[in-house]
Amino acid sequence: MQKINLYAPVDGVINKIEKISDDVFAQKMLGDGFFIVPESNEFHSFFENSQIEMIFDTKHALHIKDLESGCVGLIHIGLDTVSLNGEPFNIKVKEKSKVTIKDVLVDVDLELIKSKNISTETAIVFETTQFNNLTIKLNKTGKVKAGDLIGEINFEKETTKVSSKTLGTFENQYLKTAKEIYQYVGKKDNVKDFYNCMTRLRIVIGDKTKVNEDSLKKLGLVKGLNWNGQELQIIIGGEVYKVKEEFETVMAGTAQNTVAKVKIPFYKKILPTITGIMQPSIPALLTIGIIGALYNILLLANVVQPVPESGNLGEIDMFSGVLYILSKVGLNLIGIIFIYTTVRFLKGNTIMAIFIGYSLVSHLFFFGGGNGWPLFTIGSQEIYVKNYVDSMLPFIIAGFIYFYFDKWVKTWMPTSVDVVFRHTLTYLFTITLTLFVVGPIFGTIEQLMALLFINFEAIPLGIGVAIFAFIWQPLVLTGTHLAIAVALGTPIQENGYSLLWFGIFLGTFGQLGAALGSALRTNNSQIKQVVYGAAPAAIFGITEPLIYGVTLPRLKPFLFGCVSAAIGALFIVNTGARVLESGYMTLGIITILNIGPTGIYTVWATIGLLITIGSAIALTWAFDIDRINEYKGALATVKKIASRYATILNLKSKEEKQKIIKRFDTNLNDLKENNKLFKEFEKFSVKLQKLNITLEKINKTEEKHKYKLYKNALKNEGTEKFELLVENYNNFNLDLKKQPLIEQKNLLITEMEAIKKQIISLQEKTMKDTSKVLDELAKETKFDEMKNYADLFYNSVYSINIFFGELDKKEFKINNKEFKQFLVERG
């Protein structure tokens, strides 16, 4: 056992931590220790020689580390002093500065704290898990002077060695989390369904009483929990899809679930479905974009040879030929990726999906100099039964056709012939429907759209190109963009240049600018993390991570990105710049290297690019509200209610509308008066997000290093080094780095609790009172849908919870057609 002496940090009266008036500290939730009621203003370290590890922003608490042992303790001056925003505290030291028991750390205005009716009780606690068998021995209680020896910490410095001759298997943090979630939600029999959105794992639960919420909240990747009826929403963040994939694996490895599935409304499935299909494909899309960019850079630098007009790759060197093939094969086979991710998302047979995908891109459709057989003609355009190289949407639809047709066939086909005939039948049905119905329909749409857009170049003043730039990213959402891009090849080759390609080029950077604007505007650290992580991909032309992760869910940034692309296009086209033939099929920043007709036009294009990014940032910053202010949002809703009420009862004067608004005055005033409370909670939530992100980074570093140790041990199995390597693997961790952050996080959560209780109480009261008034208005107007405004009110009152992903925004619905009919019937 080792020992660290503890000293009184201030003059005062000392006692056991169990006797402090705060339950969190008394129950040792933040660690064991003692507390002191201070009688002087100057506070010192409780270790003889130490280092200031961290000072809280509100200056009321410090983490201090003993230099000899590395033991970390927390001094928390006063209870609930966080609400004072640092006012009574004059910090005398800086983080990482070394101090002794004689150095003054902070000078505290105790009288100011007392005048606010806040206790000055000061807790000094130590997380007991940082060392083995850590115990606190208090040798002195009662009146003490600063610097008095008052007790000691006893502990075992060395962590207990885990020795094992069997290495076992390595599990990443997502699989571990998925397994723990599986246990804590009551295992498979209690799971009716599960899926994920952008930030949450959503599990429909059979019996809520079987869910261990406390254990779920303690999981490292879990940011919080929320219930929506029987649906448990586990808030994880941007990596939720990884946890969902592992959870799917865990569920698949257990006995068949016999609980009936709960029907989820279609509109709630749209975004999770898009995300579920698109997100797994992002690594492949990034690879396609980067290899294409690399090929174009090397081509411009004359490192690789261009493909000859004959198309015979045998005429160029091997390196040039191979790199060209790699730059094209991804786009050619992109459909296979999407049919695979579609069927995988639907939990169907992915091997069959790949087989169908390969059939639909088969080169055997190319013969006689063409692609397939003509099916019918629209005007001068022939529609073919052909392969779908460079397409995306037909494959996604084929994935759905295959999955649901296969599911239906299973319901009636006898087991005895199922294995032999079912897969053949579903394959033939899917291929036939895609080749003769789905493909031609979408092929027709794509060709008509391509013809339409090609004619946009003729619209004067660059207006046509600006329109194309505006709609390019919406086309990306539909999946028709690849076919349109391919169709632009013919006029580019005929003219030697393209104007429309500026639309593709700037459409990408409009979304990048809008996302950067969101990152600069928001207080939400998770959004910032997504933006900065996905920005490099967007620079090379892959916008999907930014679109689905940031701009589209917020909607306004997505539209501002489209508008900014149009602004940039108007500027560039009117300078006379062109995208040269060599720029065809280039993505992102690589396009800028293919601008002509002379070098000066590259400068104009660069200015246009900066205009696009700058406009998107400015528009997003100016008009995209980070979150709705509770009072302002509620007031806007009340005005809408008053207007609707006045329309129904044919009230004309402003005074009559004002009377309706006054019926909500109490709730509106409560929200207005408590604006500071909401802002304080927002500030705490931002700090908590940042702590979680830092902890995630440390966990990833720890996992990466452990995996290296694991692989090293595997290589040496059977050698004399094996047991030592296993021991190194089992005992490696970064707990000393994580522990102060975990303590800070726990303390932050504890301090948020008091504010959170006030906010919840206010929110519940506001919604209860509002619903009562809306019920009265519904009776007075005989328009029952007046009650639906409670959902709009909810979105304002719970704005902060929605913003940080704890709750879903409610859909507000009043059918205007039915309302007009109601007015007619009312007379």
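Modeller: Let's start with Asp32, which sits in strand E3, residues 32-38. Keep in mind that this is a predicted model. Is Asp32 buried or exposed? Its relative accessible area is 15%, and buried means under 20%, so Asp32 counts as buried. Now look at who surrounds it. Leaving out residues up to four places away in sequence, Asp32 touches Ile17, Ile124, Val125, Phe126, Thr128 and Ile136.

Now zoom out for a moment. The chain has 827 residues, and 50% of them are buried. It contains 29 helices and 25 strands, and its C-alpha atoms fill a box of roughly 100 × 90 × 70 Å along the principal axes. If you take the contacts between residues at least 6 apart in sequence, 72% of them join residues at least 24 apart.

So where do the nonpolar residues gather? In soluble globular proteins, nonpolar side chains tend to be buried together. Here the largest nonpolar core holds 58 residues, and the ones with the most contacts inside it are Phe338, Phe468, Trp472, Trp501 and Phe502. Helix H16 gives this core its largest share, nine residues. There's a second, separate core too, with 50 residues, including Ile641, Phe684, Ala778 and Phe819.

Not counting residues up to four places away in sequence, Phe468 touches Phe453, Phe456, Leu475, Ile484, Leu488, Leu500, Gly503 and Ile504.

Helix H13 covers residues 463-478 and helix H16 covers residues 501-521. Two packed helices are described by the angle between their axes and the distance between the axes. For H13 and H16, the angle is about 50° and the axes are 8 Å apart. That angle makes the two helices oblique to each other, and H13 passes H16 in a right-handed crossing. Which residues meet there? From H13 come Val465, Phe468, Ala469, Trp472 and Gln473, and they meet Phe502, Gly503, Ile504, Gly507, Thr508 and Gln511 from H16. Sorted by class, this contact has six nonpolar residues, five polar ones and no charged ones.

Note on methods: Residues numbered from 1 in each chain as written. Predicted model: local features only at pLDDT ≥ 70, side-chain atom pairs only at ≥ 80, totals over all residues. Heavy atoms only, no water. Axes fitted to C-alpha atoms, helices over the stretch in contact; angles between N-to-C directions. Helix = DSSP H or I, 4+ residues; strand = E, 2+ residues; numbered from the N terminus. Parallel < 35°, antiparallel > 145°, perpendicular 65-115°, else oblique. Left-handed = near helix turned anticlockwise from the far one by under 90°. Contact = heavy atoms within 4.5 Å. Nonpolar A, V, L, I, M, F, W, Y, C, P; charged D, E, K, R; others polar. Core = buried A, V, L, I, M, F, W, Y, C linked by side-chain atoms within 4.5 Å. Buried < 20%, exposed > 50% of the residue type's maximum accessible area, 1.4 Å probe, protein only.
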